[in-house]
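Me: Hi! I have a new structure open and could use a guide. Could you walk me through it?

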Amino acid sequence: MGWPYLGETLKLYTENPNSFFSNRKKRYGDIFKTHILGCPCVMISSPEAAKIVLVSKAHLFKPTYPPSKEKMIGPEALFFHQGAYHSKLKKLVQASFLPCALKGAVSQIENIVLDFLPTWENNNSINTLVEMKKYAFDVAIISAFGDRKELEVEGIKHLYQCLEKGYNSMPLNFPGTPFHKSMKKEQEGVRQSLIEEANRGLTWEDTRNMPLTSRVIQETLRTASILSFTFREAVHDVEFEGYLIPKGWKVLPLFRSIHHCAEFFPQPEKFDPSRFEVPPRPNTYMPFGNGVHSCPGSELAKLEMLIFVHHLTTTYRWKAIGDEDGIQYGPFPVPKHGFPIMVHPRK
Ligand code: HEM
């Protein structure tokens, strides 16, 4: 890693990414170059330019990650392939997320929610981040194996937690760091009544017809911009909007910058689900990416958010503990101190 550029990488890991990106956009415009994790990069925050990189000229920009992260994900991952082999693999993956497959998962996902929500009651402090990670993990297990296989799950969970810590850390590979560790391992009654009440549990059709909850989820994905940006690499010297991008340079479409641009989303820092009453302008809303590498898990992710938000809001009231409202970045945005809450059943 080039030491002169370490500063920029450190800032990316420690600064609020909204200001990190918007300060640079103000200073240098929609397209500028910098260095992240030791790589020369071109940052892109115009929707049209992002579309060129991800969709219309995707063949000139291959999917890539900095070597430290690529090693961890493994070169055989779907993301690192292109062309015919990628589309064949992708079709296989997408088959698990087609409406006919997700339809069957609604009641399984709902059972997970109805399992853990009652355990939140009468608890002085629920760490929502920890609980949501467990939920997302359990849903992922169902989508991968069809059921929660208790014995294997604990082992997989441990490996996953280790990988996750390393993935979100600085790639400092010496003993003791999360990156190093991760590289080393490549209330029945209440529940019953809830289930009874939910016996008219959610159907797939219900989940397709919840416009308010859907807009809350859309707005959450916009404000959070979970994946702030993605990485591509120029496969040749590419001429691009009057600039020359040398072969081998990284190109980063900045989803967060686009999602937080006042021109496309007025008062971008305001949480306002009603903005999605009209569809966003083309190529300005990409929480799940765009083009051939866009996220195959997007419908599953939205479905699990919808089922959780539905049951939480219709059955419970909650209150934040202390002044813990806020966001911390490491570098992904997560609720400050895990957003501890207290939960009570609705009267
Ligand atoms: C809120 C949750 C999620 C968000 C915000 C998200 C976001 C994204 C984004 C932005 C991309 C595109 C990356 C790029 O073009 O460089 C992507 C790709 C991908 N996502 Fe997701 N994702 C989520 C959940 C999931 C889930 C639940 C799964 C699987 C069950 C999944 C599997 C994948 C895979 C395999 C790719 C690579 C696809 C390819 O290269 O063709 N994601 N995701």
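**Starting at one loop**

Me: Let me pick a residue: is Asn122 buried or exposed?

Reply: Asn122 counts as exposed, at 72% relative accessibility. Here buried means under 20% relative accessible area, exposed means over 50%, and partly exposed is in between, using a 1.4 Å probe and protein chains only. Before we go on, note that this is a predicted model, where local features need pLDDT of at least 70 and side-chain atom pairs count only at pLDDT 80 or more, while totals for chains, interfaces and linings use all residues. Residues are numbered from 1 along each chain as its sequence is written, and side-chain values use heavy atoms, leaving out hydrogens and water.

Me: Good to know. Where is Asn122, and what is its phi?

Reply: Asn122 sits in the loop between α6 and β4 (126–127). Its phi is near 55 degrees, a positive value in a residue other than glycine. For background, most residues other than glycine have a negative phi. Gln267 also has a positive phi, of about 50 degrees, although it is not a glycine. You can find Gln267 in the loop between α13 and α14, and it is exposed, with a relative accessible area of 57%.

Me: Zooming out, how many helices and strands are there in the chain?

Reply: The chain has 14 helices and 12 strands. These are DSSP runs numbered from the N terminus: helices are H or I with at least four residues, and strands are E with at least two. There are 347 residues in the chain, and 42% of them count as buried.

Me: Changing topic: which residue is the protein donor of the iron atom?

Reply: That is Cys295, the only protein donor, whose SG is at 2.3 Å from the iron atom of the ligand. Donors are N, O and S atoms within 2.8 Å of the metal (3.2 Å for Na, K and Ca), and sites may look incomplete because water is not among the atoms. Cys295 is in the loop between α13 (255–259) and α14 (298–315).

Me: What else surrounds the ligand?

Reply: The ligand is surrounded by 19 residues (each has a heavy atom within 4 Å of it). The closest are His86, Thr230, Arg232, His293 and Cys295. An oxygen atom of the ligand lies 2.7 Å from a side-chain N or O atom of His293, and a polar side-chain atom of Arg232 is 2.8 Å from a ligand oxygen. For Lys90, the distance from a side-chain N or O atom to a ligand oxygen is 2.9 Å.

Me: One more! Which side chain does Tyr316 make a polar contact with?

Reply: The side chain of Tyr316 makes a polar contact with the side chain of Glu121, at 3.0 Å. A polar contact is a pair of N or O atoms within 3.5 Å; within protein, one must be able to donate a hydrogen and the other to accept it, and residues adjacent in sequence count only if both atoms are side-chain atoms. Tyr316 is in strand β9 (residues 316–320), and it is buried, with a relative accessible area of 1%. Between Tyr316 and Val343, which are 27 residues apart in sequence, the C-alpha to C-alpha distance is 6.6 Å.
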